[in-house]
Amino acid sequence: MSQKQTTLVLIKPDGVRRGLIGAILGRIEAKGYVLDDIRILQATEEQLAAHYHEHVGKPFYPGIVRYMMSGPLVAVRVSGYRVIEGVRTLSGATDPTTAAPGTIRGDFGYDTGSDAIENLIHSSDSQESAELELAVWF
């Protein structure tokens, strides 16, 4: 039997800029998951360093920071049964060009030519990551 989980979803600055907050959250709610807490905020360098700790110092990290600080983002605490796996499936592949139709990235994402992959949404990949990431944003 599956257990109820809680995960982090970030609607990244490109999703906010493009007015996709409602469309993205609507898909998550339509799947049956619960939005427990929602915050609109401007990411700080400290939050991003904690969130992307495994990438700090890598050549692509400055691009991620520029992208994630380019405008406000929406942080959402989402709960439900198998929510971590479910939201990642809804999100689609990391590369929006190859993400399957029917997924958030497949339907709304496109290659912007940026040095960071602008792909609308982040969701935690495991219970351990969810706990760490939720502590950064909430």
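User: How do I read a nonpolar core, and which residues of the largest one touch the most other members?

Analyst: A nonpolar core is a set of buried Ala, Val, Leu, Ile, Met, Phe, Trp, Tyr and Cys residues joined through side-chain atoms within 4.5 Å, where buried means under 20% relative accessible area with a 1.4 Å probe, protein chains only. Here the largest has 21 residues, and Val9, Ile24, Ile28, Val76, Val78 and Ile104 touch the most other members. Helix 5 gives the largest share, 4 residues. Helices here are DSSP runs of H or I, at least four residues, and strands are E runs of at least two, numbered from the N terminus.

Bear in mind that this is a predicted model: local features need pLDDT of at least 70, side-chain atom pairs 80 or more, while totals for chains, interfaces and linings use all residues. Residues are numbered from 1 along each chain, and side-chain values use heavy atoms, without hydrogens or water.

User: What does Val9 touch?

Analyst: Contact means heavy atoms within 4.5 Å. Leaving out residues up to four places away in sequence, Val9 touches Ile28, Val74, Ala75, Val76, Val78, Val87, Ile121, His122 and Ser123.

User: And the largest pocket: how much space lies in it?

Analyst: A pocket is an open set of 1 Å grid points where a 1.4 Å probe fits, with protein on both sides within 12 Å along at least five of seven lines; lining residues have an atom within 4 Å of a point. This one holds about 660 Å³. Among its 28 lining residues, Lys12, Tyr52, Glu54, His55 and His122 are closest to the centre. Helix 7 (127-137) gives the most to the lining, with 5 residues.

Notes:
Grid points are joined across faces, edges and corners, and a volume is the space filled by probe spheres set on the points. Buried means under 20% relative accessible area, exposed over 50%, partly exposed in between (1.4 Å probe, protein chains only).
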